[in-house]
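This briefing covers the packing, surface and backbone of one model. The structure comes first, followed by notes grouped by topic.

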Amino acid sequence: MTAQTQPTDRAPLAWKFNLLTLVAATTAALAATTSASVGWPVWAMFMGWVAFFSRGHTAREALTSYLCLAAGIAIGIAAALALQVLMPIMGALAFGPVVFVVAMIVVSLRAAAPVNNVPAYFLGLITFFAAHIEPGWLAFCELASVAALGCAAAWLAHRLQGAIAR
């Protein structure tokens, strides 16, 4: 036997909740399809999406988070280039000084408002190293572009959800 439920004041909230979820899922699906269609790694698009949510949600804050992520990608490329030089000389010991310098730079940036989004810098580092691609300008352009798509898609989803929630 199934129980009948009476309509409550919560029913409209459930409808709105589902609509907000639909907006986020649709935006994510469109961004993922766009990314895959251009040959960009879909997971890297979601790194931009996550970076958007690492700080405030205004357009300015989204741009700042994205710039921190892009700088993290650039720092990752510089670290990979340093490792290419040091590994033949130092072997695995090269990771120590390279990681130390990278960590000093990134963690010190916490004092550089407004670009003090340390998690976004680390997302950029992770994005580069997880991509397993040759360091260089092309790597930066591809990863920064796909991350920009993700950040913009998350911002758009947030804006659309805000319009619905009002």
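A nonpolar patch on the surface is formed by F100, V101, M104 and I105, whose accessible area together is about 390 Å². The model is a predicted one.

**Surface patch**

- V101, one of the patch residues, is found in helix α4.
- V101 has a relative accessible area of 46% and is therefore partly exposed, since that class lies between 20% and 50%.
- In soluble globular proteins, nonpolar side chains tend to be buried together.
- Against that background, F100, V101, M104 and I105 are nonpolar residues that form a patch on the surface.

**Nonpolar cores**

- The largest nonpolar core has 28 residues, and those touching the most other members are M45, W49, Y66, L69, I73, F128 and L143.
- Two or more residues of this core come from each of α1 (10-38), α2, α3 (59-90), α5 and α6.
- Helix α6 gives the most to the core, with nine residues.
- Another core lies apart from this one; it has 12 residues, including A94, V106, A120 and L125.

- M45 sits in helix α2, which covers residues 42-52.
- With a relative accessible area of 0%, M45 is buried.
- Beyond its neighbours within four places in sequence, M45 is in contact with A28, A31, A32 and S35, as well as with V146, L149 and G150.

- S65 is found in helix α3, whereas N117 lies in the loop between α4 and α5.
- S65 has a relative accessibility of 1% and counts as buried because the cut-off is under 20%.
- N117 is buried as well, with a relative accessible area of 1%.
- The side chains of N117 and S65 make a polar contact at 3.1 Å.
- Leaving aside neighbours within four places in sequence, S65 is in contact with A51, S54, R55, N117 and A120.
- Under that exclusion of neighbours within four places, N117 is in contact with S54, R55, S65 and C68.

**Backbone features**

- Most residues other than glycine have a negative phi, and most peptide bonds are trans.
- A113 and P114 are joined by a cis peptide bond, with omega of about 5°.
- P114 is in the loop between α4 (95-108) and α5 (118-131).
- H132 is not a glycine, yet has a positive phi of about 50°.
- The place of H132 is in the loop between α5 and α6 (137-165).
- H132 has a relative accessibility of 72% and so counts as exposed, the cut-off being over 50%.

Conventions: Residues are numbered from 1 along each chain as its sequence is written. This is a predicted model: local features need pLDDT of at least 70, side-chain atom pairs count only at pLDDT 80 or more; totals for chains, interfaces and linings use all residues. Side-chain values use heavy atoms; hydrogens and water are left out. Helices (H or I, at least four residues) and strands (E, at least two) are DSSP runs, numbered from the N terminus. Buried means under 20% relative accessible area, exposed over 50%, partly exposed in between (1.4 Å probe, protein chains only). Contact means heavy atoms within 4.5 Å. A nonpolar core is a set of buried Ala, Val, Leu, Ile, Met, Phe, Trp, Tyr and Cys residues joined through side-chain atoms within 4.5 Å. Patches are made of residues with over 30% relative accessible area and no salt bridge: like charges are joined within 9 Å, nonpolar side chains (Val, Leu, Ile, Met, Phe, Trp, Tyr) within 5 Å. Accessible areas come from the Shrake-Rupley method with a 1.4 Å probe; for residues, only the protein chains shown count as cover. A salt bridge is a side-chain nitrogen of Lys or Arg within 4 Å of a carboxyl oxygen of Asp or Glu. A polar contact is a pair of N or O atoms within 3.5 Å; within protein, one must be able to donate a hydrogen and the other to accept it, and residues adjacent in sequence count only if both atoms are side-chain atoms.
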